[in-house]
Amino acid sequence: MLYKFKSKATADLVMLQPNAEELLKIIGKAAGPTGIITVAQANAAIAAIQAEIQRREALHEAPPPVAADADADANDAAKEEAVSLRHRAAPFLDMLRQSSAEGKDIVWGV
């Protein structure tokens, strides 16, 4: 399933369900078939996403625990290849910033 975020200030943003729901959870919004992020909520949403990005990057910079077996090494390698939250959230952060600057709400639907 896809989420489509819309704002009169930007082009539509389409995201896969897991990525969209992760971002909505970070900003304190319930994932659902429709919703809104008001202009008044945008700055808090931006701050929440940036804080989570920093938290995850700090965890990633910490030395990894010693792997007990080859499976753990394979899992660590897979995690390193995954797309970071910073990259997945960038278009959403841009939409939040631009919409906030122009005084426009963001709505979504699935």
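Modeller: In this predicted model, α2 and α4 cross with left-handed geometry. Their axes lie 10 Å apart, at an angle of about 160 degrees. Because an angle over 145 degrees counts as roughly antiparallel, α2 is roughly antiparallel to α4.

Biologist: Which residues of α2 and α4 make the contact?

Modeller: From α2 the contributors include V39, A42, I46, I49 and I53, and from α4 they include L85, A89, F92, L93 and L96. R56 and E57 of α2 also take part, as do R86, R88 and R97 of α4. Classified by residue type, this contact comprises 11 nonpolar, three polar and six charged residues.

Biologist: How many residues does the largest nonpolar core have, and which have the most contacts inside it?

Modeller: The core has 23 residues, and F5, L23, I49, F92 and L96 have the most contacts inside it. Two or more residues come from each of β1 (2–7), β2 (13–16), α1 (17–26), α2 (39–61), α4 (85–101) and β4 (106–109). The element that gives the most is α4, with six residues.

Biologist: Which residues does F92 touch, leaving aside those up to four places away in sequence?

Modeller: F92 touches F5, L13, L23, I27, I37 and I49.

Biologist: Is A90 buried, partly exposed or exposed?

Modeller: A90, a residue of helix α4, has a relative accessible area of 30% and is therefore partly exposed, since buried requires under 20% and exposed over 50%. Its C-alpha atom is separated by 9.8 Å from that of I49, 41 residues apart along the chain.

Definitions and conventions
Residues are numbered from 1 along each chain as its sequence is written. This is a predicted model: local features need pLDDT of at least 70, side-chain atom pairs count only at pLDDT 80 or more; totals for chains, interfaces and linings use all residues. Side-chain values use heavy atoms; hydrogens and water are left out. A nonpolar core is a set of buried Ala, Val, Leu, Ile, Met, Phe, Trp, Tyr and Cys residues joined through side-chain atoms within 4.5 Å. Buried means under 20% relative accessible area, exposed over 50%, partly exposed in between (1.4 Å probe, protein chains only). Helices (H or I, at least four residues) and strands (E, at least two) are DSSP runs, numbered from the N terminus. Contact means heavy atoms within 4.5 Å. Axes are lines fitted to C-alpha atoms, for helices over the stretch in contact, and angles run from 0 to 180 degrees between N-to-C directions. Angles under 35 degrees count as roughly parallel, over 145 as roughly antiparallel, 65 to 115 as roughly perpendicular and the rest as oblique. A crossing is left-handed if the near helix is turned anticlockwise from the far one by less than a right angle, and right-handed if clockwise. Ala, Val, Leu, Ile, Met, Phe, Trp, Tyr, Cys and Pro count as nonpolar, Asp, Glu, Lys and Arg as charged, and the others, Gly among them, as polar.
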